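Grab a pencil and work through these exercises with the structure open beside you. Try each task on your own before you read the solution.

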Amino acid sequence: METVETTIQTLPLMEHFYTIQGEGFHQGKAAYFIRLGGCDVGCVWCDVKESWDAEKHPKTKIGKLARFVEDTPAQLAVITGGEPLLYNLDQLTALLQSKNIATHIETSGAYDLSGKWDWICVSPKKFKSCKSEVLVKADELKVIVYNKSDFDFAEMHAGIVSDTCKLYLQPEWSQEKKMLPLIVEYVKQHPQWEISLQLHKYINVP
Ligand code: SF4
């Protein structure tokens with residue numbers, strides 16, 4: 001007799017929590033965050049370095065991930081990392097959307113896009129180049145400003161995204177005092193950009 005093998009996908013889960021989206025276009029909205037382990041982008045200022053080694057994070061069935069979200073009133077799930085596009089996210093996003101949970105991703109854009117998304121936030125990094133194929137699908141381009149050269153870096157990527165893509169400049173947390181005044185001036189001169197602040201750090205939520 002023929003057997004049908006069904007593979008249930010697992011993904012390395014670093015942490016998951018229900019909170020307020022602190023950044024970008026959806027700032028201020030309740031959102032369930034699923035942070036996947038694994039990243040080889042290597043940002044020097046990364047504030048989640050413990051995410052880098054995927055082996056350190058338990059492989060978790062996607063059904064369990066969806067149940068975490070379903071157990072809350074969350075209407076949207078943010079899949080982040082690490083770099084979530086290290087994995088194929090077709091099954092996870094299909095499952096979440098089948099439960100009427102909107103799917104948002106935060107990615108560096110360094111890997112091919114998989115999954116079906118209601119919102120794609122691409123945050124390119126200097127340490128591993130961002131794919132144009134991902135950038136053109138972005139709903140939101142969020143560039144972290146660590147030093148002055150990041151303004152040119154931001155414009156370079158803004159030249160690739162679609163006309164409707166929202167553009168954000170966000171100060172890197174440790175450089176905020178230094179870079180925020182420069183970002184304010186930049187946005188005043190280039191009003192197609194907006195400022196994104198890490199609201200969650202101000203209101204003390206994860
Ligand atoms: S892409 Fe994100 S998780 Fe990866 S090193 Fe950079 S900031 Fe850290």
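Buried means under 20% relative accessible area, exposed means over 50%, and partly exposed is in between, using a 1.4 Å probe and protein chains only. A quick word on the model: it is predicted, so local features need pLDDT of at least 70 and side-chain atom pairs count only at pLDDT 80 or more, while totals for chains, interfaces and linings use all residues. Residues are numbered from 1 along each chain as its sequence is written, and side-chain values use heavy atoms, with hydrogens and water left out.

**Exercise 1. Sort out two ring pairs.**

Task: Decide how the rings of Phe17 and Phe33 are arranged, then do the tyrosines Tyr18 and Tyr32.

Solution: 
- Start with the rule. A pair of aromatic rings is described by the distance of the centres and the angle of the planes. Rings of Phe, Tyr and Trp (its six-membered ring) pair if their centres lie within 6.5 Å; planes under 30 degrees apart are stacked, over 60 edge-to-face, and the rest tilted.
- The structure holds 5 aromatic pairs. In one of them, Phe17 and Phe33, the ring centres are 5.6 Å apart and the planes sit at 0 degrees, so this pair is stacked.
- Now place the residues. Helices (H or I, at least four residues) and strands (E, at least two) are DSSP runs, numbered from the N terminus. Phe17 is in strand β1 (residues 10-20) and Phe33 in strand β2 (residues 30-36), so their pair ties together parts 16 residues apart in sequence.
- Check the cover: Phe17 is buried at 14%, and Phe33 is buried at 10%.
- For Tyr18 and Tyr32, the centres are 6.1 Å apart and the planes are at 15 degrees, so that pair is stacked. Tyr18 belongs to β1 and Tyr32 to β2, 14 residues apart.
- Tyr32 is buried at 5% relative accessibility, whereas Tyr18 is partly exposed at 34%.

**Exercise 2. Follow β8 and its partners.**

Task: Which strands are joined to β8 by bridges?

Solution: 
- Two strands pair if DSSP finds at least two bridges between them.
- Strand β7 (residues 140-145) runs parallel to β8, with 6 bridges joining them. Val145 has Pro171 in β8 as its bridge partner.
- Strand β9 (residues 193-195) is parallel to β8 too, through 3 bridges. Here Leu167 stands opposite Trp193.
- Next, trace the links. β7, helix α4 (residues 149-158) and β8 form a right-handed β-α-β unit. Right-handed means that, with the strands pointing away from the viewer, the path from the first strand over the helix to the second runs clockwise. Another right-handed unit is made by β8, helix α5 (residues 176-189) and β9.
- Finally, in β8 (residues 166-171), 5 of the 6 residues are buried.
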